[in-house]
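Hi everyone, thanks for coming. I'd like to walk you through a structure that may be new to you, so let's bring it up on the screen.

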Amino acid sequence: MEDIKKEEQKIEKLKSTVKGYIEHHLGKDCERAGIFDNYIGIAYAIRDRLIERWLSTQRSYYKRSVKRVYYLSLEFLVGRTLGNSMVNLGIDDDCTKALEDMGYKMEDIREAEWDAGLGNGGLGRLAACFLDSLATLGIPSYGYGIRYEYGLFYQRIKDGYQVETPDNWLRYGNPWEIDRHGHLFPVYYYGRVNQYIDSKGILKNEWVDTEEIMAMACDTPVPGYKNDNVINMRLWTAKSSRDFDLTFFNSGNYIQAVETKAKSESISKVLYPADHIKEGRLLRLKQQYFFVSATFQDILRRYKKEEPSFDNFTKRVAVQLNDTHPAIAIPEFMRILLDIEGLPWEKAWEITVGTFAYTNHTIMPEALEKWPVSMFESLLPRHLQIIYEINRRFLEEVNWRFPGDSEKRKKMSLIEEGDEKFIRMANLAIVGSHSTNGVSGLHTEIIKNQTFKDFYDMFPERFNNKTNGITPRRWLKKANPLLSDLITEKIGDGWITNLDELKKIAPLAEDKKFREKWMGVKRENKKMLAAYILKRHNITVDAESMFDVQIKRMHEYKRQLLNILHVITLYNRIKNKKDVAPRTVIFAGKAAPAYWMAKLIIKLIHSVAEVVNHSKAVNGKLKVVFMNNYNVSLAERIIPAADLSEQISTAGTEASGTGNMKLSLNGALTIGTLDGANIEIMDEVGKDNIFIFGLTTDEVIQIKNSGYNPYGYYEKNQELKEVLNMIEKGYFSPENTNLFKPIVDSLLRNGDTYMLLCDYESYINCQERVSKLYEDRHEWAKKSILNVANMGKFSSDRTIREYAKEIWGINPDKTF
């Protein structure tokens, strides 16, 4: 009785807090408040709890003089914060009850929150998962990035074409962030370098005549799971160094007076400005330097509170670079140590290398980031000097280690020579870091033996693997409450912080009643997604059909095109009266605004859907759905309902992937190539519980080296020939018969770069095995259970433990 009374008092207190924020912060009468007002009210009530724990966490760092980890990433794809915060604080039931008492459904309140426009794809989602694990494991840490006012873009579809519109996610403010007006740092650009001899006869460099903008910190608390530990995601927003130019203002030129302010603040306006034009590339470089400059001023401010010299810097600070976007931090830190702190080069370089670690996410050499030297020379002249000096000293070491090997020296140089010189940012990141890691076993082997082989030959001890992971708090407990509750009912909730506990459900795969419950959960999730598809897209799909899902960034190497070739093959078979298992094929993903071919593939998907979905011959056995504006929240709807996970990139092109992990964790079976983390998923779940097809990485290289002829595959396979002919001759575009000819040209006449035609037959045959198994629902459920049971390795908690122990020098078991 006493417990019930306490629970009621707790709910009443929460309701009172929510109402207080609605009245006093929003100035609204609670009787007239709407869904969004109540979302703001509950958000502020939860933020109060987060801030209390965050302040306590920060105090503990100073009290214990801990080593801090700084995770630098240009993206943090955090999605919505409300649900995740409630789950990790353990107050989701309380909040749901309080809002129900006030007349609102939690689902409606959650829908009022806009996904944060702070990332684009896997890179940003990985960073968000890592923050969750850092907080849950209690590792003293901070995430640093940019507070973009606009996300990548909001994807609309008009007549089957992608149309980009502004993603104004901050239109109504963000209740989760705290503006830190006291943490305002100057960031400098342009200018020149003044060299002089000081009173001690030492050559000094001074960066002068610069342009200045200000970086202001905006903090978002990130809670660990039920451990009262809250860390900080600190994002920088650009502010002009002054509101307007008084000279112009006094002369009556009011527009010119505020123009400088507007230009300065454009740096944090948008995620990934277009880089196919010079102005867009320049803005990207400005963004990268902007956030690392502000970050290092902040790191040093914090470090100097406790340390009078730099002797203990690497014992107190670890910096992880998430890809090469923050790599400019290496010459920036050197500039600070040399020009401001007055350290000699050798000491500064030792500290720098000991501080930085670099995560590579890119396999293909042509995709590695590089910047024109001329752009650096204008924008960051002192940094260019430092990069040249790093390169000079490094190449001397290369000469000493590999005498006479001019080809190796050329490939390892930080500077790419040519008519226009470029700075190779990956080379800079490797040379300036004590650790370089890949993000899957295969990826790491490729960067060691192919992409960065010369560096591996020189620094073998610096290279290591850290297979990516995902947080089970968001991607199972929050995203899939029905499955989460079923698992917890059987084995307890230890899996939420120790995903290896899921192995306990493996024996239940043989239990018929448990399989029926498992299938019941999947069926309910599919019904919810089907209802959402009907509401949003006006397409009726059969929840009993196989939900075949490919949700990821649109790119040719990810081979959404191969998937749609299979859809057309199924369409032809159904028309020819062949038996085909009912299937709903679901696509979602954005194409980069300037990526013409990826956008044409989106149009093809819609055109095929238009034909298939309205075909009387198909009669509902096959449906195609493209769900627009893919983001974290949409992923949380689709993933729990997926039966089949399409992970079909060309072998040797995907670094890891994490969508494959999320889908498997939610019981989808994978059809995929031996690429990225698919290999490790296969090793964990067993070859009998995954569908593998296609060439291996070695076979891809071998066929390309011996002269790949895609036309030969076209001539030999009649189904493939029919599919490509239909596309090329306008079957799916009768209003413009040549519309999709460039797609067919890319496959037949322009080399088929990602080898779709070579893998087509293997893929189709594998899909036949998928369809056959799906007809035996109990056997499918058994394999689904075994997939989930064996996903323990793919927790981001495991990944972060490995980073902590093997790269950052922190024992994650002794952090509290």
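Let's begin with the largest nonpolar core, which in this predicted model has 115 residues. Which residues have the most contacts inside it? They are Leu72, Phe290 and Trp808. And if you look for where the core comes from, helix H9, residues 278-304, gives the largest share, with eleven residues.

Stay with Phe290 for a moment. Leaving aside residues up to four places away in sequence, Phe290 touches, among others, Ile146, Val187, Tyr189, Met214, Trp236 and Ile267. There is also a second, separate core, this one of 68 residues, and Ile605, Ile743, Val744 and Tyr754 are among its members.

Now for a pair of helices. H11 covers residues 329-340 and H12 covers residues 345-355; their axes come within 10 Å and cross at roughly 140°. That angle is why we call H11 and H12 oblique to each other. Their crossing is right-handed. On the H11 side you'll find Ile330, Phe333, Met334, Leu337 and Leu338, and they meet Trp345, Ala348, Trp349, Ile351, Thr352 and Thr355 in H12. Sorted by class, that contact has nine nonpolar residues, two polar ones and no charged ones.

One last stop: threonine 362, in the loop between strand S11 (356-359) and strand S12 (370-372). Is threonine 362 buried or exposed? Its relative accessibility is 15%, so threonine 362 counts as buried. Again setting aside residues up to four places away in sequence, threonine 362 touches Asp323, Ala367, Leu368, His443 and Ile447.

Terms used: Residues numbered from 1 in each chain as written. Predicted model: local features only at pLDDT ≥ 70, side-chain atom pairs only at ≥ 80, totals over all residues. Heavy atoms only, no water. Core = buried A, V, L, I, M, F, W, Y, C linked by side-chain atoms within 4.5 Å. Buried < 20%, exposed > 50% of the residue type's maximum accessible area, 1.4 Å probe, protein only. Helix = DSSP H or I, 4+ residues; strand = E, 2+ residues; numbered from the N terminus. Contact = heavy atoms within 4.5 Å. Axes fitted to C-alpha atoms, helices over the stretch in contact; angles between N-to-C directions. Parallel < 35°, antiparallel > 145°, perpendicular 65-115°, else oblique. Left-handed = near helix turned anticlockwise from the far one by under 90°. Nonpolar A, V, L, I, M, F, W, Y, C, P; charged D, E, K, R; others polar.
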